[in-house]
Amino acid sequence: MSGEEQQSNSDTRNSEWELEFRPKKLRVWTVAIAVVVLILHIIWALTLTAGRDTGVHIGSADQLAFVAIGIILAGLILLLLRIRIRAGSSGVELAGLLATKLYRWEDIVGFTFPLSAQWARLELPAYEHVGIPAIQAMDGDSAVTAMHALRDVALKYKPSAADPENVADR
């Protein structure tokens, strides 16, 4: 496949989504915590053999194991970086830690952001809802902008879902 064909394919896949949003502060905190966990495990591995004779023999393999555990834990923490929302002609796609799910426009009633909630909600029929962890209250103005953008996309494909008052009164 030539470079132009690859570019065309990626443009087609990306053009399907009119909105893509990831939480801002969660991303910063996730990276910071993962780095701290890894550094603590490395420091722990280095200081385990430092000058104390407790009767327990800690060897190089044990030290490597502590570092490996730190790498695994940091990697698990970094799974939080997967969280996102995308919206486009095919619907709304929510990506979580391990799974991604697409909700078609015909299955969506609307979007709300309750005052006491940590993140927005995707409202479904029969008064069910799914959390949208990509749009979090701690992101402040960025979350408000994302909700407006999400409603703008909904206005194109399902106008009734774009009206917050219509959703609240159902």
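**View 1. Strands β6 and β7 pair in the antiparallel sense.** Six bridges link strand β6 (residues 119-124) to β7. Strands are DSSP runs of E with at least two residues, and helices are runs of H or I with at least four, both numbered from the N terminus. Two strands pair if DSSP finds at least two bridges between them. Glutamate 123 has histidine 129, in β7, as its bridge partner. The model is predicted: local features need pLDDT of at least 70, side-chain atom pairs count only at pLDDT 80 or more, and totals for chains, interfaces and linings use all residues. Residues are numbered from 1 along each chain as its sequence is written, and side-chain values use heavy atoms, with hydrogens and water left out.

**View 2. Three strands make an open sheet.** The order is β5-β6-β7, with antiparallel pairing. At the edges are β5 (110-112) and β7 (128-136), each of which pairs on one side only. From one strand to the next, the twist averages 30°. That angle is taken between N-to-C directions, on a scale from 0 to 180 degrees, using axes that are lines fitted to C-alpha atoms, for helices over the stretch in contact.

**View 3. Lysine 156 meets glutamate 18 in a salt bridge.** The N to O distance is 2.8 Å. A salt bridge is a side-chain nitrogen of Lys or Arg within 4 Å of a carboxyl oxygen of Asp or Glu. Lysine 156 belongs to helix α4 (residues 141-157) and glutamate 18 to strand β1 (residues 17-21), so the pair ties together parts 138 residues apart in sequence. Lysine 156 is exposed, at 58% relative accessibility. Glutamate 18 is partly exposed, at 33%. Here buried means under 20% relative accessible area, exposed over 50%, and partly exposed in between (1.4 Å probe, protein chains only). The whole structure holds four salt bridges.

**View 4. Arginine 84 and glutamate 93 form a salt bridge.** Their closest N and O atoms are 3.2 Å apart. Arginine 84 is buried, with a relative accessible area of 17%. Glutamate 93 is buried too, at 11%. Salt bridges with shared partners join Arg84, Arg86 and Glu93 into one network.

**View 5. Arginine 22 and glutamate 20 form a salt bridge.** The closest N and O atoms lie 3.5 Å apart. Arginine 22 is partly exposed, at 25% relative accessibility. Glutamate 20 is partly exposed, at 44%.
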